[in-house]
Amino acid sequence: MLIIAHRGASKLAPENTLAAIEQAVRLGVDAIEVDVHHSEHELVVIHDRWLHRTTNGQGRIQDHSFVKLRELDAGSGERIPTLWEVMTAIHGRCDLNIELKGIQDVIPVLTLVDKAVAELDFRPEQFLLSAFNHHLLFETKRIRPEMQVGALTASCPLDYANFGSVLGAYSVHICMDAVTQPFVEDAHSRGLAVYVYTVDEPEDMHILIDWGVDGIFTNRPDTAMNVVAKH
Ligand code: G3P
Ligand code: CA
């Protein structure tokens, strides 16, 4: 079962910051998940559209220039990183799941992925693009059929079989509250890998290992690595 550091090692350092990324890499996680928004012509790594929960700023991302966003404190003196800074920090040392949050156009993301493969020791298969907005994933596959995409879902929708057959998704990313063992088995029979979010309790981790889940998103990758090692 892959351990994916959710927003970096976000129990150990402020979420979606370079500090959280570095902690996760040093722990030896399989992958890191980050949330990405557009800010003017840049891609920034932050979860919410609104700034007040994770920074000392107010209002929405779109209310600020990129320069002003970069002046904010994203926790413990960390700045809101750009996606390129995150890629540079990881430098191919683990996989990267880019969740398309405040994104309308996938081309700038694909351009940065190409640049990371060319300049930062990443292999193309180390990238996984995911989104709750499956239209973005459909567009990604149209432009770049070989790109791995993961379909996010907060529930267990009736039509999830389409994630593989219509969308061409590599994986389904399902909420811990919705996942069941039959779902995992059925998704596998359809060729979909199953990743579950957000799993911080060791008891849940043990259950998901038994169900044959392929990966978990966790704020506690250190705990998850212990669980996997001892299971
Ligand atoms: O990608 C898994 C998970 O991060 C999706 O939910 O709200 O944490 O971005 P959220
Ligand atoms: Ca996310």
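**Backbone, strands and ligand shell of a predicted model**

Let me begin with one residue: Arg-7 is buried, because 26 other C-beta atoms lie within 10 Å, and a residue counts as buried from 20 or more. Please keep in mind throughout that this is a predicted model. Arg-7 sits in the loop between S1 and helix H1, residues 18-27, and although Arg-7 is not a glycine, its phi is positive, at about 60 degrees.

A second residue with a positive phi that is not a glycine is Glu-40, where the value is near 50 degrees. Glu-40 belongs to the loop between strand S2, residues 31-39, and strand S3, residues 42-45. Is Glu-40 buried or exposed? Glu-40 is exposed, because 12 other C-beta atoms lie within 10 Å, and the exposed class takes in counts of 12 or fewer. As background to both cases, most residues other than glycine have a negative phi, and most peptide bonds are trans.

That brings me to the peptide bond between Tyr-197 and Thr-198, which is cis, with omega about -25 degrees. Thr-198 is placed in the loop between S8 and helix H8, residues 202-211. Both Tyr-197 and Thr-198 are among the residues around ligand 1, a list that also includes His-6, Glu-33, Asp-35, His-47 and Phe-217. By class, this shell holds three nonpolar, five polar and three charged residues.

Phe-217 leads on to strand S9, residues 215-218, where Gly-215 and Phe-217 point one way while Ile-216 and Thr-218 point the other way, all of them being buried. In a regular strand the side chains alternate between the two faces of the sheet. Which strands pair with S9? Strand S1, residues 2-6, pairs with S9 in the parallel sense over four bridges, with Leu-2 opposite Gly-215; strand S8, residues 193-197, also pairs with S9 in the parallel sense, over two bridges, and there Val-196 stands opposite Ile-216.

Finally, the whole chain. The protein contains nine helices and nine strands, and 44% of its 231 residues are buried. Its radius of gyration is 17 Å, which agrees with a compact globule, because 231 residues in such a globule would give a value near 17 Å. Of the contacts between residues at least 6 apart in sequence, 53% join residues at least 24 apart. An unreviewed UniProt entry carries the annotation "domain: GP-PDE" over residues 1-228; across that range the chain is 34% helix and 22% strand, and the end C-alpha atoms are 8 Å apart.

Definitions and conventions:
Residues numbered from 1 in each chain as written. Chains lettered and ligands numbered in written order. Predicted model: local features only at pLDDT ≥ 70, side-chain atom pairs only at ≥ 80, totals over all residues. Rg over C-alpha atoms; globule rule 2.2 N^0.38 Å. Contact = placed C-beta atoms within 7 Å. Near = placed C-beta within 6 Å. Nonpolar A, V, L, I, M, F, W, Y, C, P; charged D, E, K, R; others polar. UniProt positions renumbered as here; feature names shortened; annotations may be inferred. Pairing = 2+ DSSP bridges.
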